[in-house]
Amino acid sequence: MATVSDPPKEAFRLSQLIYDTRYRSMTIQIVALIGFLVLIGWLISNTAQNLADLGKEPSFQFMGEAAGYDINQRLIDYNNQDSHLRAAFVGILNTLLVAVMGCATATILGVIIGVLRLSKNWLVGRLMTVYVEIFRNVPVLLWIVFIMAILIETLPAPRDFRGDDPVASMKLFDTVAITNRGVYIPDPLFGADAKDDKGAFLDEPVGWRVGLGDYPVGASRDNPSCERYYATEGPGAGEPAAGCGTFQISLDLLLALAVLIAGLYASHRIKRRADRIQNATGVRPVTWYLRLGVVILPFAITLWALGFYFAFPELRGFNFQGGTHMRNSLIALWLALSLYTAAFIAEIVRAGILAISHGQTEAASALGLRPKRIMNLVILPQALRVIIPPLISNYLNLTKNSSLAIAVGYMDITGTLMGITLNQTGRELETVLLGMLIYLTISLIISAVMNWYNNSVKLVER
Amino acid sequence: MKKTVFLGALTVAGLAAGAAAAGTLDDVKARGKLNCGVTTGLVGFAAPDANGEWHGFDVAVCRAMAAAILGDPKAVEFVPTTGKTRFTALASGEVDVLARNTTWTLSRDVDLKFTFVGVNYYDGQGFMVPKALGVSSAKELDGATVCIQTGTTTELNLADYFRKNNISYEPVPIETNAEGQQQYLAGACDTYTTDASGLAATRATFENPADHVVLPEIVSKEPLGPLVRHGDDEWGDVARWTLNALIAAEELGITSANVKEMASAAGNNPEINRLLGTEGNLGEMLGLSADWAVNAISAGGNYGEIFARNIGENTPIGLSRGLNAQWTDGGLLYSPPFR
């Protein structure tokens, strides 16, 4: 018979919450949590009370009202009668544009500079050190303003291109105009985009290669801009005008991209087949012309069928017209952010490479690998594990630094929603909260994508 | 016992809240200094000189207010604000009054909750272009690149004007007048638009002002004036009547030269006597000393003197009185009676 019994259970006393170490830490945490919640609640109620006293209850109705201001750079149709919400979207797209361009350029530059800084060539190594130290030790705002000033002051104004004996001329066989208002580059267009000088659709499409045109997402019969889209006859019937639908998707572009991707996939299959044959017989069939042809031929034929052409910039009136206008505000911001962030990325890449022990290089060269392949196959894949996490922070920094855009008049989300909209409506709290939310969302998305990539390159342990 | 302590704490908290909500006038008197929001630098209207001392047409309004309230025209802390930061600065209480050529509009008055205390300059939006461009009318600006300060009413007027005339333009947003000047002079924009007075002031600082013309079109009404927060009417009254005193002084012939003499004894014009405090108790009604208007006028002279010294025809800015003449001279300046 068992004689051992459970020790008598002590009754729980309230004082144990403080004197008993088993409960004390929990008590402290709960008290701290309550204090924190009270503080937050007080802040919120204080703000709400003060705003109510001022007669400015938080409301987001202003987002639906007409914005009334124009934005020079826009990736979707926008005019000053569109809502503040749409103006904010134009701003978000501009932020994303400069962030993506900046991250890509900064990564390429950063990797090259980071590798070169380890170069055995004394001059190259020192030059890269100077680059890194100069760029990372001067505030990025100064770089933005400095590059903008250079672009404005040194490049020719459009009026210098005019006259019989112009001071400036267009570059690259008269296809690119570099001015102090920005760079005008040829604009790739499809047959459906052909319009006359006034921007109206041509009555009779030129030839039969008119392409598929644009599809307006969210078009409705109530929208006067969509009148022509629903019409069955008359000039430009079936074509959505600017402002019809929430945004328009170019079906031509989608088709061209689909053909290109299919071509690349086919090329990949050909390579796999060649690999199989090589593994089986030891002889690799010559496939480069097949692979090249399967990508380029269908793509080129599709482009031709869709009436693909380039619109070249030409001086008309005060400015260059036609072509894509890369404004110098975008160029200055993009260059400054890329050069600045590249300095940090270079250091990260250098640290990542140095973290791989020299024995790896020696072992690889003992196996007979050439130096370039050692870098690509042995060193970089391992270094990536060290490089990716700090790289994420730098992408986030670059994206957030893009909010300095207003210094050069680039209309990003800070310039539209938290700038002009805030000023014209006087809704500081709402606009800034929305702006913070947008930056938070963008940053979290970047983090999520990069973390997913980090997981895919990390060491797989068995 | 415990209850008493709680109630006592509540009382103290209530008193503290009451003190914090006291009038701006008392705050300014207690501080001994007037916080005044001005531009970041627009010659003639508000700009610091080589010694860091602020001068200008808008600055004079602040100095007159400081003189009227505190008796010292130098007791002003000038806070430079941009077109974007000015309203936040005023709404948050960082400045007591904003004298920063700000246009009086319905939405700013009603929606942003500010009180415009009057108009010290009747202006309108204009365009400046280089003479070499060969443009003689704003309607010829189709396709032009336009430099414009963001966060201003001019931005909305510009959009309206081009929409109304069915012509296109490319806006280049800039943050301060200095940046606008730089871009305009480098040819990064074809035309610079802001209030006509601001254009004249900017042009005056150019190396060759004669190479630039202000186009004849005035595309908007821009009544510029000082403003205060809603909800403190006593403070609004002080600002409003200080401005009116300067305007009335010109009408009544009171100048910085003769104000001391006229205030020394009651004269035979009862309105002058009431304004200068030798008769009646207007100063007391405002919560100021009896000689408030005397101080305000001796700070920088009457409206006409301030205008002539800072932006008038004999200055580099060279603005004529135009709409800003007294009503008796065919202008719009008209002060309500001091009674």
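UniProt positions are given here in the numbering used for this model, with feature names shortened, and such annotations may be inferred rather than shown by experiment. With that in mind, the unreviewed UniProt entry places "domain: Solute-binding protein family 3/N-terminal" on residues 33–262 of chain B. That span is 34% helix and 27% strand, and its end C-alpha atoms sit 28 Å apart. Helices (H or I, at least four residues) and strands (E, at least two) are DSSP runs, numbered from the N terminus.

The model is predicted, so local features need pLDDT of at least 70 and side-chain atom pairs count only at pLDDT 80 or more, while totals for chains, interfaces and linings use all residues. Residues are numbered from 1 along each chain as its sequence is written, and chains are lettered from A and ligands numbered from 1 in the order in which they are written.

Domain bounds come from an automatic or database domain assignment. In chain A this gives domain 1 (84–184 + 325–457) and domain 2 (189–309), with 30 Å between their centres, taken over C-alpha atoms. Chain B splits into domain 1 (26–122 + 223–329) and domain 2 (125–220), and here the centres are 29 Å apart, again over C-alpha atoms. Between the two domains of chain B, 18 residues of domain 1 are in contact with 16 residues of domain 2, contact meaning that the C-beta atoms, placed from the backbone, lie within 7 Å. The domain 1 side of this meeting has eight nonpolar, nine polar and one charged residues. Ala, Val, Leu, Ile, Met, Phe, Trp, Tyr, Cys and Pro count as nonpolar, Asp, Glu, Lys and Arg as charged, and the others, Gly among them, as polar.

Turning to the two chains, 28 residues of chain B are in contact with 28 residues of chain A. On the chain B side, α4 (86–91), β9 (144–149), α6 (153–164), β10 (169–174) and α7 (177–185) each supply at least two residues. The largest share, five residues, comes from β10(B). By class, this side has eleven nonpolar, eight polar and nine charged residues.

β10(B) is largely enclosed by the rest of the structure, because five of its six residues are buried (20 or more other C-beta atoms within 10 Å of a residue's own, C-beta atoms being placed from the backbone). β9(B) and β10(B) run parallel and are joined by six bridges; Gln149(B) stands opposite Ile174(B) in β10(B). The β-α-β crossover from β9(B) through α6(B) to β10(B) is right-handed: with the strands pointing away from the viewer, the path from the first strand over the helix to the second runs clockwise.

Key:
A residue is buried if 20 or more other C-beta atoms lie within 10 Å of its own, exposed if 12 or fewer, and partly exposed in between; C-beta atoms are placed from the backbone. Two strands pair if DSSP finds at least two bridges between them.
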